[in-house]
Amino acid sequence: MPAPSVPSDIVFALPDVHPAWLPDAAFRPVGSRRLALGTPADGGTPAAFEVLATLRSELDRATAAHGGAVVGPQDAADLLLHLSPAVPTGFRLERSGGRVTVSAADPTALLHGWFHVVRLADAAFASRPGDPDVDEHHAPASALRMLDHWDNVDVHPVMGQVERGYAGGSIFYDAGQVRPDLSRVTAYARLLAAVGVDRIAVNNVNVAAREARLLTDDLDEVARLAAALRPYGVRAHLSVSFAAPMTLGGLATSDPCDEDVRAWWRAAADRVWAEIPDFGGFVVKADSEGQPGPFAYGRDHADGANMLAEAVAPHGGLIHWRAFVYNHTQDWRDRSTDRARAAHDHFAPLDGRFADNVIVQVKHGPLDFQVREPVSPVLAAMPRTRVALELQVTQEYTGQQRHAVYLGPAWSEILRWRPWGDGGATVADVAAPAGGFAAVSNVGDDRFWTGHPLAQANLYAFGRLAWDPTLDTAAVLDEWITLTFPDAPGPLREAVHAILDESWHTYELHTAPLGVGFMVRPGHHYGPDVDGYEYTPWGTYHFADRDGIGVDRTRATGTGFTGQYPAPWRDVYEDRETCPDELLLFFHHVPYTHVLHSGTTVVQHVYDTHFEGVERVRAMVERWEAVAALVPDDIAQRVRERLAEQLRSAVEWRDQVNTYFLRKSGIGDLRGRTIH
């Protein structure tokens, strides 16, 4: 088989699109050297050879820009990349005498190895006398590292082009159709390959009528998207509607036990894989927030998921079945109904009944991507089921990419949490070998991909943590800074760290306190509205009254949610004296005068943290102004504008929350600060 040719449609840089963490300058250390790509053996798939062609174009591009050369594999190269069946997963990196060899069994893993060398830069090579030889195996913790896009083909009248999207329109769709030019999609796939993400779902889980047709009438357009992703080894998945046999197929039912329904899905799957041989599978949101599902027919989630699993199994396909299921039309007066309980109540009894190619995708917390909530007990409750951890990169409840909030530390805390206590398995241990990691993407057609240039760090961090959940998130952030701002002077590096390292905690300080959650403006979820959801059907209450605040979720006197956790957490959370302060109001209704472990009362904690949060944001603004001249003007100005809005919003949060607690409790601030 001849060496792969360079594909004509690979895009390295697009006009008016920021390169994120892959600017040309990041390739200088490798591009200035002699590089070689081993000739592939016979027997590869067309998709595999396409990835190899992409890798060759990467080498050509880097050396042309920085004075190196692409040489034959038999020549003395500084870096040799080649395929080897001896590497079971991931890639192997060997360095001997200053020469580096990267080997992998498949082209996508070899591509990941290439980007790893780019990330290491000069450190990949023996640059000083006495540098030791290395022989390292880099394998992802999970084979499933996926991003879900909530993009709509048609512009939704409420949610817009991208639901919970804060970076402009969709990179996939425009004016009711797939974009004619998908070069930006390929550039996006390149960014994902650089951090190890290799699957994406290309449409919204809330599948409307127009989006449903991607499965049938517009399947050729999905094939175009898959083709744009394929050069970088990224596989396409599709969100589908459970009611598709009725809405698209004209059947009278979508009952998963009906043979005509099962046959319809089998035929649909056959068509998809005939058109897209490397297609990944379907993502399903069913019986949740108005989406159709098996409940209409007296069936359960295992019945629904297994019917779809049967249809895709002959093709090696997966079903990602979301566990985000709850009663969204509840009565706020009925305190026996607890939204936090819902996912466990629905799914834990079904453990062991799901097919092997079904992945139950579980939000990291029991509510909805709040800035602070406990880890979902579902992740520990289904040992005989493949479960995936779902995170949210787009910052729906953490500032919507108008605020600089680095979520890496929050995700790391979740991944390292031990449901069975010290010495037990972590959340990462549970999810990685089974269902892996999924997250809601945060990109749009904005010049900076994520609207806020600093929000790129979250997309980068998700990919790196999905590959290796044990990574230090400060080090991951440093990687992103090094790549995004090559040759960044010390003051710039220090300032970005100062702004982002503690930004998640800063956001927590000036928003909803002590794990109570929400307190946001209904609908768009941006900015404070303390009672915004308090009397709605959505089940997101804080139950503040004249005596106290918080939700009683204990077994003794509340909803019993604490009982969904294994020991020791079921008892830690049950007792307000052992419950962590940061989750107190999630699990307990307490007086405003309740003394926290920190030694301060609940109400004084609210005042102190909200004043401190604003001052921290003010310091972030000042740190950026001190170094803004060290970055390009467009980045400097966009970050400056976003930080100004972050400060304005933090002040609004402080004043509304503090005033609310003062008026409810009647207790003043011990420090005599202004509360309105």
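Author: Pro-568 lies in the loop between β19 (548-549) and α18 (569-574), where helices (H or I, at least four residues) and strands (E, at least two) are DSSP runs numbered from the N terminus. The peptide bond that leads from Ala-567 into Pro-568 is cis, with omega near 5°. The model is a predicted one, in which local features need pLDDT of at least 70 and side-chain atom pairs count only at pLDDT 80 or more, while totals for chains, interfaces and linings use all residues. Residues are numbered from 1 along each chain as its sequence is written, and side-chain values use heavy atoms, with hydrogens and water left out.

A pocket is found on a 1 Å grid over the protein atoms alone, as an open set of points with protein on both sides within 12 Å along at least five of seven lines, whereas a cavity is a set where a 1.4 Å probe fits but cannot get out; lining residues have an atom within 4 Å of a point. Grid points are joined across faces, edges and corners, and a volume is the space filled by probe spheres set on the points. The largest pocket holds about 940 Å³ of space. It is lined by 40 residues, of which Ala-48, Asp-106, Pro-107, Thr-108 and Ala-109 are the closest to its centre. Two or more lining residues come from each of α2 (46-66) and α3 (107-120), and α2 gives the most, with 7 residues. Sorted by class, this lining has 21 nonpolar, 9 polar and 10 charged residues, where Ala, Val, Leu, Ile, Met, Phe, Trp, Tyr, Cys and Pro count as nonpolar, Asp, Glu, Lys and Arg as charged, and the others, Gly among them, as polar.

The second largest pocket has a volume of about 550 Å³. Of the 35 residues in its lining, Met-159, Glu-163, Arg-164, Asn-206 and Glu-289 are the closest to its centre. Here β8 (151-156) and α5 (209-212) each supply at least two residues, with β8 giving the most, 4 residues.

Axes are lines fitted to C-alpha atoms, for helices over the stretch in contact, and angles run from 0 to 180 degrees between N-to-C directions. On the α2 side, Ala-48, Val-51, Leu-52, Leu-55, Glu-58, Leu-59 and Ala-62 meet Pro-107, Thr-108, Leu-110, Leu-111, Trp-114 and Phe-115 of α3, contact meaning heavy atoms within 4.5 Å. These contact residues divide into 11 nonpolar, 1 polar and 1 charged.

Two further pairs can be set beside this one. Helix α6 (residues 219-229) packs on helix α8 (residues 259-275) at an angle of about 45°, with their axes 10 Å apart. That makes α6 oblique to α8, and the crossing of α6 and α8 is right-handed. Their contact joins Leu-219, Asp-220 and Ala-223 of α6 with Arg-271, Val-272 and Glu-275 of α8, and its residues are 3 nonpolar, no polar and 3 charged. Helix α15 (residues 473-484) and helix α16 (residues 490-500) pack at about 135°, with axes 11 Å apart, and are therefore oblique to each other.

Conventions. Parallel < 35°, antiparallel > 145°, perpendicular 65-115°, else oblique. Left-handed = near helix turned anticlockwise from the far one by under 90°.
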